[in-house]
Amino acid sequence: MAIRNLRLEGDEILKKKSREVEKIDERILTLIDDMIETMHKYNGVGLAAVQVGILKRIIVIDLYDGNGPIAMINPVIIKTKGEVEVEEGCLSFPNKFAKVKRPEQVTADFLDLEGNTIRVKAKDLLAQAICHEVDHLNGEVFVDKMIPGTLEYVESEEDEK
Ligand code: NI
């Protein structure tokens, strides 16, 4: 496993659309391991492959709720319900937070590491994370859809050193 370099705000790759994974091979599994390690290193709740420079439709999510990280290959949101205003950040936009509107619930299909199709019904933070990460796969980032006037810049402790 290895930490991969994060692609940050201003990097044009973040605006590109990712391609479907056709075959889940060793390279894909290594990429997923690295994505999980990178997400954990930066205390992220989610990470899309494009954020480490790979235009493939893979996302990883960890809510730190004891259920461990989950990897979703070729995720597709097939149904949404409701709408909530939520605060959001992104590892590619360090220290930036803003409010966005997200569905309250989503139903999504994805492939697991063995290539099985899994259907997940998610709500709250998991629903929000799936939507945020699937947006990345379509070249969309949260600051593009933030509610005007809600952008906040929060300095991290590292900046103060
Ligand atoms: Ni993000």
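How are the donor residues of the nickel ion spaced in sequence? The spacing is C-x41-H-x3-H. This tour of a predicted model begins with the whole chain and then returns to that site.

**Stop 1: the whole chain**

Display the chain as a cartoon. Its secondary structure amounts to three helices and eight strands. The C-alpha trace spans about 40 × 40 × 35 Å along its principal axes.

Of the 161 residues, 42% count as buried. Among contacts between residues at least 6 apart in sequence, 64% join residues at least 24 apart.

**Stop 2: the nickel ion**

Select the nickel ion together with C90, H132 and H136. These residues coordinate the ion through SG of C90, NE2 of H132 and NE2 of H136, at 2.0 to 2.2 Å.

Next, select helix α2, residues 124–137, which contains both H132 and H136. The two histidines are four residues apart, about one turn of the helix. Are they buried or exposed? H132 has a relative accessible area of 6% and is buried. H136 also counts as buried, at 1% relative accessibility.

**Stop 3: the five-stranded sheet**

Select β1, β2, β3, β6 and β7. They form an open sheet of five strands in the order β1-β2-β3-β6-β7, with antiparallel pairing. Which strands stand at the edges? They are β1 (46–48) and β7 (117–123); each has a single partner strand, so one side of each is left without a neighbour in the sheet. From one strand to the next, the twist averages 40°.

For a detail inside this sheet, select β2 (residues 58–61) and β3 (residues 70–81). These strands run antiparallel and are joined by four bridges. Highlight I58 and then I73, its bridge partner in β3.

**Stop 4: the helices across the sheet**

Helix α1 lies across β1, β2 and β3, and runs at about 40° to β2. Then bring back helix α2, which carries H132 and H136. Helix α2 lies across β1, β2, β3, β6 (105–111) and β7, running at about 120° to β7.

**Stop 5**

Select strand β5, residues 96–102, and show its side chains. In a regular strand, side chains alternate between the two faces of the sheet.

Five bridges join β4 to β5, and the two strands run antiparallel. E88 has A98 as its bridge partner in β5.

Finally, select β8, residues 152–153. Strands β5 and β8 pair in the antiparallel sense over two bridges. Here the bridge partner of F97 is E152 in β8.

How values were computed:
Residues are numbered from 1 along each chain as its sequence is written. This is a predicted model: local features need pLDDT of at least 70, side-chain atom pairs count only at pLDDT 80 or more; totals for chains, interfaces and linings use all residues. Side-chain values use heavy atoms; hydrogens and water are left out. Donors are N, O and S atoms within 2.8 Å of the metal (3.2 Å for Na, K and Ca); water is not among the atoms, so sites may look incomplete. Buried means under 20% relative accessible area, exposed over 50%, partly exposed in between (1.4 Å probe, protein chains only). Two strands pair if DSSP finds at least two bridges between them. Axes are lines fitted to C-alpha atoms, for helices over the stretch in contact, and angles run from 0 to 180 degrees between N-to-C directions. Contact means heavy atoms within 4.5 Å.
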